[in-house]
Amino acid sequence: MNSLERLLAALQDQPSDRPALFLNSSLYGARLTGATLDEHYTRPETYAEGQMAVREQFAPDLLTSPFFVSAIGEAFGSSWRVRSRQAPNLSGFAARSAEEVLRLPLPDVHGHPRLQYVRETIRILARRYAGEVPVIGVLVAPMDIPPLVIGLEAWLDALLFQPDVARALLDRLTPFFLDLGRAMVDDGATGLVLTGNLANRFIVTDAVAETLTLPALRTALAELKAPLIFHHGGCPLVDQLARFKDLPNVVAYFIDAGEDPGAARRALGPGPIVMGNLDGPGLLHLAPAEVRERCRRVLDQRGGDRQFILSTCGADIQLDTPPEGIAAVAEALRQAAVDA
């Protein structure tokens, strides 16, 4: 089976030769190509070469556009910088309040150069791996865009104390979210991955989630006719899957490192894929034998679930991670297939 066939088998709860594998290797491609991080995050050809190198060396079943959400902040006017040996992060915000963002023009998804960089990475990878490897576009849900433009504290202030302003801003941002998501699909993305952190009670109150952010999320996702992966975004997700499990067009739920895939399946019931739950940044500190053992435990936890994708969670796999540790993940999957 090739990677696309493996993913389709998981979506349809059909047998496959082994579970599919996802590695959050957006950053790690730069190590394999030797590119500087400035080049990696500004030249789409360089980023795509990094993903191709990851595919060549570790054979993950899904590739992605850059995990570079600061690019969306930049499209609104925020600034970012490349940190030493890490993915870019915001260094300044475009506005100070939700009211100010309401007065900003929406970015042109077809004209802004940083959005074009992201979209071109999808086009290159989709052309290279058509019919073979799924390419996933990294998107940001409407309620998670304001922290990239005004900062989290100002956005929480609006959600808690200015609900009418917050609702107006969510309505304002949804068309941009839809335009960018649809453009990524037109570029060749097989599906899109996004977070819903500001609908998670780990960050906001139930009242904010139920009256503001969750309704906005449902409305937006219903209009985005594409296979969607709902990512934990660094927040615990399994104990909230009852809230999120019926989100429109979501075909997979990405749980955090250490969360129980069996518990996720019980909460979701049959149908959607469960992705998780290896600590990607933590691979830096593990010997290959330890990596294989952790993979074995995760695969044991999933039981006979055919709708499970072994995935690294959290932030990117770190640049200094020994390649032998990443290769051990793929080896563990192959061994699981032999043992099955």
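This report walks through the fold, the surface and a few backbone details of a predicted model.

## Ground rules

Residues are numbered from 1 along each chain as its sequence is written, and side-chain values use heavy atoms, with hydrogens and water left out. Because the model is predicted, local features need pLDDT of at least 70 and side-chain atom pairs count only at pLDDT 80 or more, while totals for chains, interfaces and linings use all residues.

## Overall fold

The protein contains 15 helices and ten strands; these are DSSP runs numbered from the N terminus, with helices being H or I of at least four residues and strands being E of at least two. Its C-alpha trace spans about 60 × 45 × 35 Å along the principal axes.

Of the 340 residues, 56% are buried, meaning under 20% relative accessible area, with exposed over 50% and partly exposed in between (1.4 Å probe, protein chains only). Taking contacts (heavy atoms within 4.5 Å) with a separation of 6 or more, 72% join residues 24 or more positions apart.

## Backbone details to look for

Have a look at strand β9 (residues 273–279), where N277 is found. The peptide bond leading from G276 to N277 is cis, and its omega is near -15 degrees.

Two residues other than glycine have a positive phi: A59, at about 55 degrees, and N249, near 65 degrees. A59 sits in the loop between α4 (44–58) and β2 (63–64), and its relative accessibility of 33% makes it partly exposed. You will find N249 in the loop between α12 (241–244) and β8 (250–254); N249 is also partly exposed, at 30%.
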